[in-house]
Structures are given as C-alpha cells and as structure tokens.
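Please consider the structure shown below.

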Amino acid sequence: MGTVEPQVAQSGDVQEVTDGFHLVIDALKLNGIDTIFGLPGIPITDFTRMAQAAGLRVISFRHEQNAGNAAAIAGFMTQKPGICLTVSAPGFLNGLTALANATTNCFPMILISGSSEREIVDLQQGDYEEMDQLAIAKPLAKAAFRVLHAEDIGVGIARAIRAALSGRPGGVYLDLPAKLFAQTMDAEAGKKSLIEVVDPAPKQIPGADAVKRAVELLKGAKKPLIVLGKGAAYAQADADIRALVEKTGIPYLPMSMAKGLLPDTHPQCASAARSFVLPEADVVMDHKSWGGQKFIQVDISPQEADSNVRIDAPVVGDIGSCVSALLAGIGASWPKPPAEWLSAIAERKKNNIAKMAETLAKNPSPMNFHSALAVVRDIIKANPDAILVNEGANALDFTRSIVDMHKPRKRLDVGTWGVMGIGMGFAVAAAVVSGQQVIAIEGDSAFGFSGMEVETLCRYNLPVCVVIFNNNGVYRGTDVNPTGGPDVAPTVFVKGARYDKLIEAFGGVGVHATTPAELRKAMEEAVRSRRPTLINAVIDEAAGTESGRITSLNPKSGEKK
Ligand code: TZD
C-alpha cells in the first residue's frame, strides 16, 4: 500500500494517510496491471513518477495516439486491459483515436486522463485545458466513468476493468480530475476501499439448443467453411479451435489478425483459395454472405447476429466455451466434408501457390513488393515467435497474403478500420509485453503517422526492426500535378527519402537497402543483434495499386467529360 507523509491527528496520534495518486496506483497493481503507456504533463506528471517508483513500468511516448495504440494492443495480447495515461484536453483528444479504434476492434483498453476541475468546466469559466472530457469520450468508448472522491477510486478502477474485459471487450474512458490526485484519506480505509476484480471476463456458456442447431446445419453442408476472426485469436482458445478444425476436416480461412491461429501452412488453410471459397461455400461458420449461403455465427454478443446477413444458427457465448461445446456436439465420428469440395479447393490452392512462387522468384530492379516480401517471409519462417506489425495499403495487402504466420497472435495490423498510425505504438507494446523480436512492415505513408516513436524504440532499446517499403508516396509515387505547377501531386512525397537516417539520430541502426540481398542481410542482423533498426527498403515507385486491394471503394467523379 502506498502512503504519503504521516499526518498528526488532533488526538496527537500519528495517522497514516494515503492520497489519490497512490490509491490509483495501488488499485491498478492490485488488479495485476504492471505497465502504463502514456505521456506526462499537468496534472499527471507526478503520477507517472510515483507509478514508476511503485514498480509499475511506465513507457513514455512522443504522442498520445501512439501510447493509446500501444495500450490497446497490449490488451489484445494479454487479455488484461492496456492502460493509456494522458493529460487533459489536447492529450486526451490525442488519445481518443486509439480509444475509438480499440472499441471498434474489441481490444480491452482503459484511457485514464487527467482533467480540469468540474466546478470550472461545468460553468465554462476557462480553466487550464478546460474540456468536458467525459461527455466527449462517451460515444467513442464502450463505457466512461469519472471519479470525484478518493474513496471511490477502487470502484472506479474496478468498473473500468470489468467494462473493458467482459463480454465484447472494448475501450473504456476513466476521467480523473486534477483535484482527486491530491485528496487524502486514512491509509487503512483507503486500502479497504480498493477492489480486486473477481472473474472480470466471465465465461458465457452457449445454450444446448443453439449448439445443436449449429451442429445440424454443419452436418448437412456440402461445402462448409470456417472463418476465423481476431476475436478467435484474442480468446486464447487455440487448442480447441485447432481440434474443431481438424476433427471436422472443414477448410478454414483466417482473417488478417487470426493468421497463425493454426499455421498458415496447415493443409486445411484456404487462404490461397480465398476468392474461390468465400462465394462458393454453402455453410459458413462466422462471416458474410454471397447469396444462398447459410451461416453459423459464434459471438459473445447476442446483438451481433443478423448485423449484415441472416444468421441461421447463432451460437452466443465466449469463443472458448462455444468451441468446446461444438466439439462435444460433433462427437467422435464426424464425416469429412465431400471430397469434391476439398479437391476443388486444393486445386485452386496449388495453382495460386505456384503462380505466387513464380512471382516471388523474380528479382526485378528496383525491388517490388513481391521480391522484398519473399525475404520477409523467410525471416518470419526462421523466427516464428517474432511479432509482425503491418500497416500501409499495398504494403499491408501483399504482406498479409505473402507472409505466412506460424503461431497465434503474432500478426498485429490495421484491424477493422484499416487505420494508419498503429505501427510504432503496436511495435513498442509488442516488444514490451512479449520481449520477443518485433518486425514492423510499413508503407512509407503509414510509417509517417507514428514515425517519431523511433526515438521511443531507441530510448527503451527495444528489439524492433522497422522495414519501410519506400515507394515515394501514398500508394505509389508516380502521380503528377495535372496543372504542371510547382506543387507535387497530393499522393507524392520527397523522392528518394532516407528514412534510415531518422533512427540514426537517436543511436539506432539505419540501413538503406535496394536489393532483396541487402534487405535480407539487414533483417538477419537486426534479429541477431536485437538492436532498434530501421531499414529503408527502396521499392519501385510504380509498383502497387491505388488503395491496395480496396481500389473499388474510391468514389469516382460523376462529372461528364
Ligand atoms: N488516414 C488514416 C488515419 N487512415 C487511413 N487509412 C488513411 C488516412 C488513408 N490511407 C489508407 O487507407 S492507406 C494509406 C492512407 C493514407 C497509405 C498508403 O500508402 P503507404 O502504403 O505508403 O503506407 P503503400 O504500400 O505505398 O500502398
């Protein structure tokens, strides 16, 4: 229990007192929180010092959005809420993008922000960094709470933890006004006011009838398909999920962050025949419609069924409980799916893999995405415990399809929103939480959103190897200004930029790589040395497409020419 200077009570007895600072720290520690990601300033500077002194790891960032992204992905990796700590108003706003992204992706995170005094904020009298933060956070968070009294800190932290972890996990906002931190109370009473949350993510067992309905539907399928999402990865029910896939013999398709839940090289993995299986399948466990298909959806939230297609067999519960119930339901003698279906998939897979192998074997100059990613694929294969962080458009789509993942929760990327800017926050958290080598494959535009955090990588000496696929711009570097004026086109950056020099400014290793051989050597050295490394991998500026795989989402002009 943290205490402050003893105070002499009226009776003359020495009374141990504690304060808001220490109660928050103690409440977090009591609940197994060991790391805070944040950025200091009024009113939380002293809090960061005291937290460090109390044995919490405090990782300071250069911008709150990156601290927030770090907290969110730490939550995804550990099933404990990731904590992000920000100052009031502008710091809080900088953290909000990450909070909203966490909520959308079901990452458990708590954004704790200092705030100005309620009395002044509510009368809009002009306090330092005055803002009604709770009201602003509410629509972007799964839940939002404010604590006004030191004796309520225990309840506030407990409610935030439960909201972040239970059911569909998400982002939670906790508002702590400046005055709260200095409030004192009797240390013993303070200690008693804290809550160690029991069973914060309770199991939710699916109904027997729901399981039976799903098993019946699956039994009748001629072309079944299992789709695994990142919720399945989060659940850490890896052995049961693998058993369900293997016992049923049903082909499966991992969504981006579920890659590696079973190894991508698994014979039932249908990734290499993705565009064939999605519209062809007749019964799909978990995902979207192409007409005439039947769906089983496993989800912890009963509201999610029918959210975009009719769900014929919703199975509501936590993934672990649902999968083990389905496993029990299918029993020991489940017939494999029809051979026609399996061989049609195998045929497509074989052809696509052969085509890809041909493309990957080429060695064009300058490098393109494929020749560079053939190297990344080999490095990940040789280091299956390394964590791959990935963002960009082409840099994202090509990496996802080319680089096989071999273990669960090793691929962290832009998630549901396709948000740029997660890169360095995710990389820092992945290294801090796991101690494993991190490899971040970044588009040059994507990197720019969080690039200043290379200083953070160096400051904490993290084993992170950042590879920037530098093709001189957003998507590509070939656009021209149609007016012929001096400004370059909106998608174009400084040509031939040397991102490797950035990390050298902070004592990290910078490498300029123009061939696959140079890239391989630099990545191998980064993994061997575990030093913070940034490789500027020069990619043909004409390679890739507008918006990667989602070109069709760009609105077209209706203007008649
Ligand atoms: N801003 C935010 C926060 N997220 C976004 N997704 C975008 C803007 C729009 N956007 C994309 O969807 S991908 C991308 C942007 C700006 C960058 C693509 O360029 P890149 O990758 O250099 O990162 P490639 O490999 O050159 O395509």
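A backbone N or O atom of Ala395 lies 2.8 Å from an oxygen atom of the ligand, a polar contact in the sense of a pair of N or O atoms within 3.5 Å. At Met420, a backbone N or O atom lies 3.1 Å from a nitrogen atom of the ligand. Taken alone, the ligand exposes 600 Å², and the protein buries 75% of that; accessible areas come from the Shrake-Rupley method with a 1.4 Å probe.

The model is predicted: local features need pLDDT of at least 70, side-chain atom pairs count only at pLDDT 80 or more, and totals for chains, interfaces and linings use all residues. Residues are numbered from 1 along each chain as its sequence is written, and side-chain values use heavy atoms, with hydrogens and water left out.

The ligand is surrounded by 17 residues, counted as near if one of their heavy atoms lies within 4 Å of it. The closest are Asn394, Ala395, Gly418, Asp444 and Ala446. By class, this shell has nine nonpolar, seven polar and one charged residues; here Ala, Val, Leu, Ile, Met, Phe, Trp, Tyr, Cys and Pro count as nonpolar, Asp, Glu, Lys and Arg as charged, and the others, Gly among them, as polar. The largest share of the shell, three residues, comes from helix H19. Helices (H or I, at least four residues) and strands (E, at least two) are DSSP runs, numbered from the N terminus.

Attention now turns to the sheets. Strands of a sheet pair through backbone hydrogen bonds, either parallel or antiparallel. Two strands are taken to pair if DSSP finds at least two bridges between them. Six strands form an open sheet in the order S5-S4-S6-S7-S9-S8, with parallel pairing. Strand S5 (57–60) and strand S8 (143–146) each have a single partner strand, so one side of each is left without a neighbour in the sheet. The twist averages 20° from one strand to the next. S8 is joined to strand S9 (residues 171–177) by four bridges, and Arg146 has Asp175 in S9 as its bridge partner.

H2 lies across S4, S5 and S6 and runs at about 140° to S5. H4 lies across S6, S7 and S9, at about 160° to S7. Axes are lines fitted to C-alpha atoms, for helices over the stretch in contact, and angles run from 0 to 180 degrees between N-to-C directions.

An open sheet of five strands, also with parallel pairing, has the order S12-S11-S13-S14-S15. Its edge strands are S12 (252–254) and S15 (313–316). Three bridges join S11 to S12, and Ile226 stands opposite Tyr252 in S12. Helix H14 (residues 319–330) lies across S13, S14 and S15, running at about 130° to S14.

Some backbone details remain. A cis peptide bond joins Ile42 and Pro43, with omega about 5°, and Pro43 is found in the loop between S4 and H2. The peptide bond from Ser365 to Pro366 is cis, with omega near -5°; Pro366 is in the loop between H15 and H16. Ala89, in the loop between S6 and H4, has a positive phi of about 30° although it is not a glycine.

Definitions and conventions:
A polar contact is a pair of N or O atoms within 3.5 Å; within protein, one must be able to donate a hydrogen and the other to accept it, and residues adjacent in sequence count only if both atoms are side-chain atoms. Contact means heavy atoms within 4.5 Å.
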